[in-house]
Amino acid sequence: MNNVLFKSLKIGKHTIKYPIIQGGMGVGISWDELAGNVSLQGALGTISCVGTGYYKKMHFTEKIVRSKPFEAINFYSKNALNEIFKNARKICGNAPLAANILYAINEYGRVVRDACEAGANIIITGAGLPINMPEFTKNFPDVALIPIVSSARALRIICKRWKERYNRIPDAVIVEGPLSGGHQGFKYEDCFKEEFKLENIVPSVVKEAKIQGNIPVIAAGGIWDRNDIDNFLELGALGVQMATRFLGTYECDAKAYLEIMPKLTKEDIKLIKSPVGYPARAINIGVLKAISEGTAPKIACVSNCVQPCHRGMEAKKVGYCIADRLGDASYGNLDTGLYFTGANGYRIDKIISVKELIDELSGR
C-alpha cells in the first residue's frame, strides 16, 4: 500500500481532497446515500440523474402509468432530484457534489438545469459528445463541466465547439476505457483491442488536454486499487473515476448489489447490446437470463427515456426496455432487473463501508 498522501484535485472553483470521483450509476445506484457518503469522506460523490422518478418508490413522481414514471418529465423527475440532493447534503454538508447526466437522454438540457438548481457543483456527461453542454449552465457560472470521452479526437471536437460558441473549455475531462460498467464509448469489437485499453489512450488525451489549455484529465474504466490509481497518475492523469468498487459498499443505494457482487464470477459479466446504441457491460442475471429463456417482459415504451431508442424501437431489437429494467433493478427485482457492473466486478469478495474504501485507496 502506498501511504504517500494524494494531492487534492481542483475542478473549476471546487477542490476535492482526494483525486477520486465516484462514477455516476443509475437507476438508483448512486443517489443520496452513496454520493453523500463519498463526498463526506473527501472524494467526489456523484448523483446519477437517470430515472429519478423511481426514487422512494415513485413518491415524488407526478404521473405514473403501469407502475412506471410516465414520459421523460417524470422519469427524470425534478422533484425527486431536489430531494436526492437535499438528503445527500444532510450527509456531506457543503462538500462538492457532482451530477451525472447522460447526453443521450431525452430532455438533456432541462435535466442539466434541474441539477444546477438542485445544488450540483459539477456536471459530468457521457454517452455522446456534449457539444452544447455549456448552453444549459449559463446562469450557473460556478458549476464546473466535465465531459466523458474515449479519445483525444473527441476532446478536440468538444473543445473546438465550446471555444467557438461559449469561449470556454471543460473544467476537466474524464477519459474512460472499455472496462467500465454500463455503456461504452467504443464499438463492440473495439472493447477487446489492445489499442483501446485505458493505459493506451490516456497519454494521447493528456497530450491533447495540455494543448487545449491544461485541462485536468481523470482516468476511468477498470480502476481497482491504489496501485492502479498511482499508475494512471504517473501517465499524466490528475485523478481517477471509480464506480464498480462502490457497488461493494454498504452505502450503495441499490441494495440488491450487496447480495449479488460477492457471488459473481468473471464469466457472469457480459458485454451486451443496449437500446441506447452503445455496447454495455452487465451481469448475466435478471432480464438477460429471461431473454435467453424466452420469458422477458413485453416491451412498451412508457418512460421515453433516451432519444436513440426511438420510443422503444431499439428496445424491441435488443429484447428489453432499459428504463423499465434498470428501474426493476433499483427495487431489487432479480427476475427482470438489469444489473450493470464493470469488468472487475467479480473481484468484490466482501461488502465494506465507503469510509473503509476511501481509507484503503488514500492510505490515510
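A cavity here is a set of points, on a 1 Å grid over the protein atoms alone, where a 1.4 Å probe fits but cannot get out; its lining residues have an atom within 4 Å of a point. The model is predicted: local features need pLDDT of at least 70, side-chain atom pairs count only at pLDDT 80 or more, and totals for chains, interfaces and linings use all residues. Residues are numbered from 1 along each chain as its sequence is written, and side-chain values use heavy atoms, with hydrogens and water left out.

**View 1. The largest cavity.**
The structure holds three cavities of 30 Å³ or more. Volume is the space filled by probe spheres set on the grid points, which are joined across faces, edges and corners. Lining this cavity are 14 residues; C301, C305, C309, G312 and C321 lie nearest its centre. By class, the lining has 10 nonpolar, three polar and one charged residues. Nonpolar covers Ala, Val, Leu, Ile, Met, Phe, Trp, Tyr, Cys and Pro; charged covers Asp, Glu, Lys and Arg; the others, Gly among them, are polar.

**View 2**
Nine of the lining residues are nonpolar, two are polar and none is charged. Helix α13 (residues 322-330) supplies the largest share, three residues. Helices (H or I, at least four residues) and strands (E, at least two) are DSSP runs, numbered from the N terminus. The peptide bond from G26 to V27 is cis, with omega near 5 degrees. V27 sits in the loop between β3 (20-22) and α1 (32-40). Most peptide bonds are trans.

**View 2. Helix α13 and its cover.**
Nine of the nine residues of α13 are buried, so this helix is largely enclosed by the rest of the structure. Buried means under 20% relative accessible area, exposed means over 50%, and partly exposed lies in between (1.4 Å probe, protein chains only). Among the buried residues are D324, R325 and D328. The cover over them includes β6 (68-69), α3 (71-75), β11, α10 (256-260) and α11 (287-293). G332 follows the helix, with a positive phi near 85 degrees.

**View 3. The second largest pocket.**
A pocket is an open set of grid points with protein on both sides within 12 Å along at least five of seven lines. Of its 24 lining residues, P178, L179, C191, R281 and A343 lie nearest the centre. The lining has 11 nonpolar, four polar and nine charged residues. α7 (198-213), α8 (226-234) and β14 each supply at least two residues. β14 gives the most, with three.

**View 4. An open antiparallel sheet.**
Three strands run in the order β11-β15-β14, with antiparallel pairing. β11 (182-183) and β14 (269-272) stand at the edges with a single partner strand each, so one side of each lacks a neighbour in the sheet. Strands pair if DSSP finds at least two bridges between them. Two bridges join β11 to β15 (residues 280-283). H183 stands opposite A280 in β15.

**View 5. Strand β7 between two parallel partners.**
β4 (residues 45-48) and β7 pair in the parallel sense over four bridges. T46 has A98 as its bridge partner in β7. β7 also pairs in the parallel sense with β8 (residues 122-125), over three bridges. Here N100 is bridged to I124. Within β7 (residues 97-100), L97 and A99 point one way, A98 and N100 the other, and all are buried. In a regular strand the side chains alternate between the two faces of the sheet.

**View 6. E117 on helix α5.**
E117 lies in α5 (residues 108-118). This residue is partly exposed, at 46% relative accessible area. Leaving aside neighbours within four places in sequence, E117 is in contact with K78 and F140. Contact means heavy atoms within 4.5 Å. The side chains of E117 and K78 make a polar contact (2.9 Å). A polar contact is a pair of N or O atoms within 3.5 Å; within protein, one must be able to donate a hydrogen and the other to accept it, and residues adjacent in sequence count only if both atoms are side-chain atoms.

Most residues other than glycine have a negative phi. S67 has a positive value, near 60 degrees. S67 is in the loop between β5 (64-65) and β6, and counts as exposed at 57% relative accessibility. E107 has a positive phi of about 65 degrees. E107 lies in the loop between β7 and α5 and is partly exposed, at 35%.
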